[in-house]
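Hi everyone, thanks for coming. Have a look at the model on the screen, and I'll walk you through a few parts of it.

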Amino acid sequence: MTRLAHRLIALPLGFLSACAGNQNAMGGQGLESANFIVLFLVFLAVCAVMYLLVLAGLGIALRRRRDAGQANSVDEDRHEETSARTKVALIVWTGLVTVGLTILTVASFFSDRSNASSTRRSGLALTITGNQWWWNVQYDTSDPSASVRTANEIHLPVNVPVHVTLKSNDVIHSFWVPNLAGKQDLIPGRQTDIELLPRRTGVFHGQCAEFCGVQHTRMALDVIVEPLDDFRRWYAQQLATAPAPTTRLQMAGYRYFVTRECSSCHNVAGSPAGGQIGPDLTHVASRRSIGAGTLPLNRGNLYGWIADPQSHKPGSRMPTIPMEPRDLHSLVAYIETLK
Amino acid sequence: MKRSIATLLAIAVLISLGAFLLRGLGIDTPKPTNELRTANAAHRARAALPRDAAAEDGNWTMPSKDYASTRFSGLTELTPANVSGLNVAFTFSTGTVEGFEAPPLVVGSTMYVVAPWPNNVYALDLAKPGAPVKWTYEPRPAAAAKGVACCGPVNRGAVYSAGRLFLNLLDGHTVAVDAATGKEVWRTKVADIQKGETLTMAPLVAEGKVLVGNSGGEMGVRGWLTALDAGSGRLAWRGYSTGPDKDVLIGPDYRPPYAKDAGHDLGVKSWPPERWKIGGGTVWGWISYDPKLKLIYYGTGNPGPWNAAQRPGANHFTAGVLARDIGSGHVRWYYQSTPHDVFDHDDINENLLVEYPAPNGGRIPALIRPSRNGFFYVHDRRTGKILSADPYAHINAYTGVDLKTGALGLVKAKEPVEGRVVRNICPGPPGAKDWNPSAFSPVTGLVYIPHLNLCMDMGVKNANYIPGTPFVGADVKMYAGPGGNRGVFTAWDPVARRKVFEIKEDLPLWSPALATAGGVVFYGTMDGWFKAIDARNGKLLWRFKTGSGIIGQPISYRGPDGRQYIAVPSGIGGWAGAVVTADIDTRDPTAALGFANATKDLPKRTTRGGMVYVFALPK
Amino acid sequence: MSSALEKAKAPPADVPRDGPGLSGPVLEARLARTWGRPRGLIGWLSSVDHKDIGRRYIVTALTFLALAGALALIMRLQLAKPENDLVGAARYNEIFTMHGTTMMFLFAVPVMQGVQIYLTPLMIGTRAMAFPRLTAVSFYLYLAGGCLLWVAFILNIAPDIGWFAYPPLSGPQYGVGKRPDIWAQMVTFTEVASLAAAVTLIATILKQRAPGMSLARMPLYVWTTLVTSLMVVFSMPAVALASSLLLSDRLVGTHFYNPAEGGDALLWQHLFWFFGHPEVYIIFLPATGFVSEIVATFSRRSIVFYPVVVLSVVATGILAFGLWVHHMFATGLPRVGYSFYTAASISVSIPTALQIFCWIATLWEGRPRLQVPLLYVIGFIITFVIGGLTGVMIAAVPLDLQLHDTYFIVAHFHYVLIGGAVFPLLGAITYWFPKFTGRMMSEKIGKLGFWMLFLGFQLAFFPMHVAGIYGMPRRVYTYPAGMGLEWPNLLSSLGSLVVALAVLLFVLNMVRSALGGRRAAANPWDGSSLEWATQSPPADYNFAHIPVVESRAPLWGSRDHLPVVHGLRVDDRELLLTTVMDAVPDVREPSAQPSPWPFISSVAISVMFIGSILSPWALVVGAIPATIAMAAWFWPKGPPELEPTIS
Amino acid sequence: MSLHCRNSLLAFALVALLAGCNREERNSRGKPLAETAPGMVTPDTILPGNARPSAPDPRAAQYENNAPSISQGQTLFAQMNCSGCHSHGGGGMGPALMDAKWRYGGRMDQIVASIAEGRPNGMPAWRGKLTEQQMWQIAAYVRTLSGQERKDAVSARADEMSNTPPQTQIEREPIESAESGQQ
């Protein structure tokens with residue numbers, strides 16, 4: 001199925017995936033996304049044929065009798081005549097359309113089935129909870145003490161079926177990682193599910209696809225598909241508690257973090273900071289971005305973000321905290337240790 | 001023929017007349033060993049530490065009366081026949097307006113009254129008329145502590161031992177006071193209110209150790225039981241309710257009765273990472289002690305937060321019963337009554353130690369307890385094995401207890417889901433029965449359970465953890481269960497495993513029971529009625545309206561004059577009374593963690609107060 | 001009683017009636033006096049003439065089109081380059097909400113109904129709408145709703161929740177302030193307005209057709225009007241209900257959309273899309289009506305397979321109610337159900353395909369005359385078919401799950417709505433402009449405008465397909481660089497400028513032609529339907545004599561003399577009612593006089609609606625003036641005159 | 001009823017006016033650091049030597065009756081566990097906030113002071129755990145609980161278990177002490 005897909009990508013539509021976007025419905029790195037490509041091309045082919053027929057008909061119809069130099073007036077008694085050929089054409093056209101559409105409906109049905117059946121036996125279970133405007137990620141394990149909580153970044157082992165449970169804490173969001181699969185809404189008071197089967201490694205980008213308020217735009221997440229061993233390594237490291245601060249600067253930052261506003265919302269495992277309403281920061285420094293994909297993670301952006309999140313993500317729930325420069329220095333120094 | 005009938009009649013008349021006369025002369029004084037019921041003594045539970053009337057010293061030195069927590073007074077002066085003559089002997093006003101749960105203690109000719117917040121202690125001289133104050137002790141706890149006390153700044157009493165009074169202060173201190181002078185002997189800080197920890201329980205003193213547990217299950221604290229040296233107040237050992245085995249004091253001698261509670265570091269493995277550190281399992285209830293086995297028995301509180309979705313796993317060692325060796329503090333056995341508790345069903349209720357009839361005719365040292373989750377458990381207190389577990393109240397949230405695995409069956413439909421309100425869950429968060437202990441009378445062999453008939457609607461949501469602030473994550477509305485009565489007073493036969501009689505009380509029952517050898521049982525209601533009922537059939541024999549609602553522990557003692565006295569504290573408060581004492585606005589049904597909805601009418605039925613009433617038969 | 005019957009049998013001779021005895025200028029003068037409206041502002045406000053109301057509808061709707069178009073330009077400027085900061089996040093949300101809401105509720109549906117109100121009586125040969133005062137109310141309420149929304153926008157309380165306002169985002173907790181209430185109440189206004197218009201249209205079409213115009217002879221445009229009006233009647237109540245529930249959630253704390261207390265956020269989506277999907281066809285079907293009329297006239301023959309076209313229109317109207325769930329494929333409803341809605345959604349394109357065939361076949365069989373209206377029709381076919389085919393794509397669940405809520409969808413529905421409705425509308429305006437104003441639009445500017453619009457549109461909206469596939473969700477105020485979204489967005493922004501210029505050009509052409517365009521004869525395009533039988537613009541009374549119809553193309557069948565009926569009163573407003581099926585003359589019916597009360601009641605109702613945003617008591621208090629105004633409106637004027645049936 | 005009518009009509013008459021003001025203005029960052037310490041605020045009304053009662057804090061204006069601030073305050077009230085003690089206004093561990101009783105004053109700046117500095121009988125001091133802006137927002141929401149804020153700026157309910165009567169409808173509780181009641 002997917003090999004076919006990849007061969008097909010070389011076809012006219014190839015250019016879409018050619019400029020390999022990491023948030024691209026034509027990526028095809030997930031089973032469902034690969035199915036999408038195949039089905040999309042099938043639809044495209046059938047539709048193209050129909051469209052060309054219409055254009056051809058229209059073109060000929062317009063050329064045909066335009067220049068026939070009759071009097072520019074309606075023929076009183078023949079303006080309702082219709083040739084037999086046209087009647088036949090109508091029947092043919094109707095048949096053609098019906099057949100074409102039936103093909104498409106059936107194709108769609110089977111593609112849907114394949115998506116549904118693809119990942120019955122899932123090897124990994126996640127719960128993703130939508131919040132305005134970030135993603136809470138929980139790796140569910142039979143042994144609760146081995147479950148990892150993180151935010152705005154998902155790591156997945158390649159070729160392992162994943163079952164994702166989707167919940168929302170506030171409004172409706174939609175989970176969408178186009179390279180892997182289609183959308184699924186996160187609806188408050190309901191529980192929805194989506195199955196992922198990543199087929200190729202890579203770093204992909206996902207984004208909330210249902211308008212969810214002021215910062216709908218800045219509600220993205222990174223998805224890293226990696227070999228099983230790398231995934232295990234990452235998981236073990238995420239499971240560990242945050243390292244203790246070492247330098248004096250880091251100590252100061254730690255003190256600020258656990259005693260001031262930060263800890264009212266954020267959790268750092270292994271520290272007294274136990275806030276549950278903001279992203280878990282235990283290993284924030286190991287992630288790729290901050291502010292749910294607002295900025296790539298690096299020292300400069302950390303400074304900018306902590307100093308004034310509201311200028312990077314206006315309306316975000318993270319307030320701009322009036323802060324002395326030295327507090328800012330120490331805080332950044334501490335957060336950089338949260339690997 | 002005719003004659004024989006006449007004879008029979010005559011005999012009957014004579015017998016009844018005689019009986020009546022004897023009664024009147026007060027000769028008929030039933031002893032605990034007597035048969036009041038036709039049932040054979042062998043088929044009745046017996047007090048763990050058998051006392052007969054002679055053994056009764058007439059004192060009341062600890063809130064539960066004895067290590068077996070029977071709340072049974074061997075005094076027999078008061079009987080169903082004469083109790084209706086009870087009069088007020090004297091009263092004592094503490095001048096306080098908070099919930100009054102602590103019982104007075106009586107040692108010889110002195111009564112010690114531990115007043116509600118700020119927990120002043122008064123020594124009253126019972127030898128003098130009107131029981132004037134001998135001395136007063138003012139501990140002056142920190143007022144800030146009131147802000148982290150989930151259910152009113154209550155205190156469940158002091159304990160007298162070897163010339164000292166030991167009591168806990170809300171702000172995390174345990175103090176020892178010289179019983180003769182009222183001077184403070186030592187004061188040890190054991191709990192930290194910054195973390196939300198408070199102390200509300202009554203300590204237990206045994207083998208020279210003062211046993212203290214913390215409160216704050218709604219504040220994201222980590223529960224523990226601490227043993228202090230009674231002499232110095234120094235810490236002997238501390239056993240946590242969560243965390244690694246070395247913190248919980250689990251050693252090689254740990255023998256849980258069921259596989260589900262066996263394993264290494266369950267206090268960590270049954271929690272999401274780090275959550276055990278704020279997982280509750282507080283110890284704010286009652287401790288029993290078996291001097292023979294040298295084991296203490298107590299229950300642990302609810303896991304936190306109430307929103308169970310935030311703590312997947314069984315959440316050991318919360319909501320269960322622990323047996324610890326009093327010397328080392330090591331856990332001997334543990335049974336988790338409510339694994340992964342989703343309804344705030346603490347297991348801190350009293351554990352009564354009795355001798356239970358064995359099938360082979362012998363006696364099993366048993367532990368019987370009316371649990372918060374609505375089941376009446378009978379354990380073999382040596383191993384923790386369950387002999388029986390039967391519902392004693394209306395339950396629709398649990399299916400039952402599997403005696404083979406010890407598992408509690410949860411009704412899926414009643415399990416709270418984030419973002420959706422689940423309706424009509426019985427019992428509610430205070431459980432079928434809250435802290436207020438029951439009494440056991442070896443005379444009748446019955447357990448007298450003052451409990452609740454409350455159901456709830458529950459909506460859970462993500463709880464945020466900020467040290468020193470509530471960590472609950474649930475909206476709750478409580479209301480009366482089937483029948484419309486919010487309280488029930490049940491007499492339970494632990495051997496026959498059935499209800500003998502029950503009294504429906506309109507208001508929730510928040511006051512403990514008191515049983516006497518005379519065959520009279522006492523309890524109070526939240527609108528201030530203090531009631532005496534017949535231990536055999538629950539017939540109301542006498543009642544007295546006190547100044548404020550009764551949530552306190554009644555006691556019975558023999559005064560210096562040799563008469564039997566009954567004393568009861570009167571002063572509404574606590575969780576159930578918060579509507580009155582905490583100025584709740586009942587337009588918000590979720591106020592006071594949902595109790596406001598169940599006690600909307602309370603402000604009309606009682607007001608604040610703080611008074612000890614002492615009753616006796618007229619001279 | 002008997003006397004009344006007498007009266008009925010032999011109408012009083014003194015009553016003047018049109019006929020051989022009374023015709024020509026004399027008749028026209030008297031009719032003008034009877035059907036004219038009072039002078040002055042009061043007279044203007046009390047007009048019940050469908051031509052006035054229709055014209056006002058169209059002008060207002062086009063104004064809103066311009067406003068919403070301006071917002072679209074701002075959005076395109078913001079999106080022209082990545083990480084642009086022309087408008088902030090919050091403001092951008094308001095802007096796209098205003099754009100969508102205005103286009104859907106204040107432009108698309110009203111403009112179609114406006115044209116319908118203007119043309120229907122003319123096309124079926126009657127002098128007025130049924131319930132003309134209700135028609136007037138419909139316009140005033142629509143206007144009030146539009147003003148409510150835009151005044152709010154000016155006062156910085158514009159809704160910012162998207163044009164379909166999903167709760168909980170629009171609910172009491174997350175829909176902050178009064179913004180969502182204004183949106184919801186605006187919806188109520190427009191729904192009441194279009195319901196009123198629909199009802200009057202249905203009654204007019206079914207009972208006031210000229211004698212002989214059986215259903216089988218009805219012009220195709222009137223057919224689409226009938227079908228869409230029925231669709232309005234069945235779909236609009238759903239959204240009116242939904243928005244009222246939302247208001248009560250927000251105002252008095254009910255729990256309809258609160259999952260915690262047993263409500264459901266999806267309830268809204270079902271109610272809304274049960275209206276929302278038919279809404280698309282309510283906009284699109286009248287456009288197919290335009291196309292049918294234009295194609296017939298400009299290929300100089302009547303439509304091929306008239307019954308097929310009629311049946312397609314009806315079929316579309318019915319199928320449209322069975323597809324709403326394809327807007328909810330991502331909400332996790334049962335998969336089996338999805339397959340059904342996929343099939344239904346795909347099958348709805350069959351009738352449309354048949355219509356397209358019929359139009360092309362008509363051009364094929366006829367002798368097409370490439371003038372501006374036909375150009376727009378050609379543009380329509382080329383553009384709309386793309387939209388229709390992408391529609392088929394997103395009807396498939398696996399495709400929709402990827403494309404849903406992306407710019408692919410944005411492209412799709414702009415192809416459908418602009419290509420499928422606006423192109424034909426502009427063609428129709430050009431086509432009927434002489435009838436509206438008595439002057440022709442400039443052909444030269446028209447052609448230029450068409451090509452700019454056509455090409456500009458493709459440039460603006462085709463790249464959006466690509467942007468969507470590249471993972472650009474809709475309703476984002478910016479996008480990061482390096483996702484391959486730069487060039488599609490840049491092209492779209494450039495295209496949107498061209499479109500804006502084209503629309504501007506069209507408007508200029510309209511204004512210029514209206515003022516100084518070439519004067520138009522009664523039937524400048526040699527059209528076949530009745531509206532071309534009266535002068536341009538038509539007199540207040542539309543027709544001096546009610547025409548009689550003998551074929552589908554009355555003006556082609558017998559162009560030299562159009563048969564008419566006589567006997568309608570001249571001194572009083574009187575209409576000829578005919579039977580529903582065969583349009584056999586039935587009764588004479590008096591028609592309402594102009595009156596200021598519809599306007600006054602509309603004001604009262606508006607006050608009540610707007611007040612109810614702030615307090616539920618406004619409904620109680622506001623009902624009083626509304627009731628008074630309506631009482632005055634309906635106050636009986638003397639004893640009703642029993643009119644004789646025509647035998 | 002009559003009151004409601006008057007309110008509604010009044011509100012309606014003033015619709016343009018009130019919309020003009022900053023009722024819906026979003027202010028994502030609050031006032032600059034320079035002036036973010038509450039001035040000398042006292043709940044007391046006895047000021048010896050006829051001292052003037054402290055004037056209401058001018059910063060109150062930008063949060064009071066401001067819908068986004070009140071909404072933010074509502075969110076924080078739940079997230080910062082205020083509801084743990086005060087429930088949804090009915091009280092519990094802490095006093096009820098929906099009644100007319102104000103132990104430490106019901107004025108915006110007085111409430112902010114209570115939040116920031118705490119109160120001896122158990123109210124924790126939140127200075128440093130919440131930004132000044134957040135405290136003002138919470139104060140604005142707290143005032144809605146007793147109907148002090150304008151009805152068109154408050155939210156009827158949250159998407160949770162139904163609790164208090166809708167804040168869009170509850171009567172305004174008279175603030176007890178006259179001085180602290182001055183708006």
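Helix α4(C) passes α5(C) in a left-handed crossing, meaning that the near helix is turned anticlockwise from the far one by less than a right angle. By class, their contact has 26 nonpolar, seven polar and two charged residues. Nonpolar here covers Ala, Val, Leu, Ile, Met, Phe, Trp, Tyr, Cys and Pro, charged covers Asp, Glu, Lys and Arg, and the others, Gly among them, are polar.

A word on the source: this is a predicted model, where local features need pLDDT of at least 70 and side-chain atom pairs count only at pLDDT 80 or more, while totals for chains, interfaces and linings use all residues. Residues are numbered from 1 along each chain as its sequence is written, with chains lettered from A and ligands numbered from 1 in the order in which they are written.

Now let's turn to chain B. Its secondary structure comes to five helices and 39 strands, counted as DSSP runs (H or I, at least four residues, for helices; E, at least two, for strands) numbered from the N terminus. The C-alpha trace of chain B spans about 85 × 60 × 50 Å along its principal axes. How many of its 619 residues count as buried? The share is 63%, where buried means that 20 or more other C-beta atoms, placed from the backbone, lie within 10 Å of the residue's own.

Finally, chain D meets chain B: 27 residues of chain D and 33 residues of chain B take part in the contact, with C-beta atoms, placed from the backbone, within 7 Å. On the chain D side, the residues divide into eleven nonpolar, 13 polar and three charged.

Methods
Two residues are in contact if their C-beta atoms, placed from the backbone, lie within 7 Å. A residue is buried if 20 or more other C-beta atoms lie within 10 Å of its own, exposed if 12 or fewer, and partly exposed in between; C-beta atoms are placed from the backbone.
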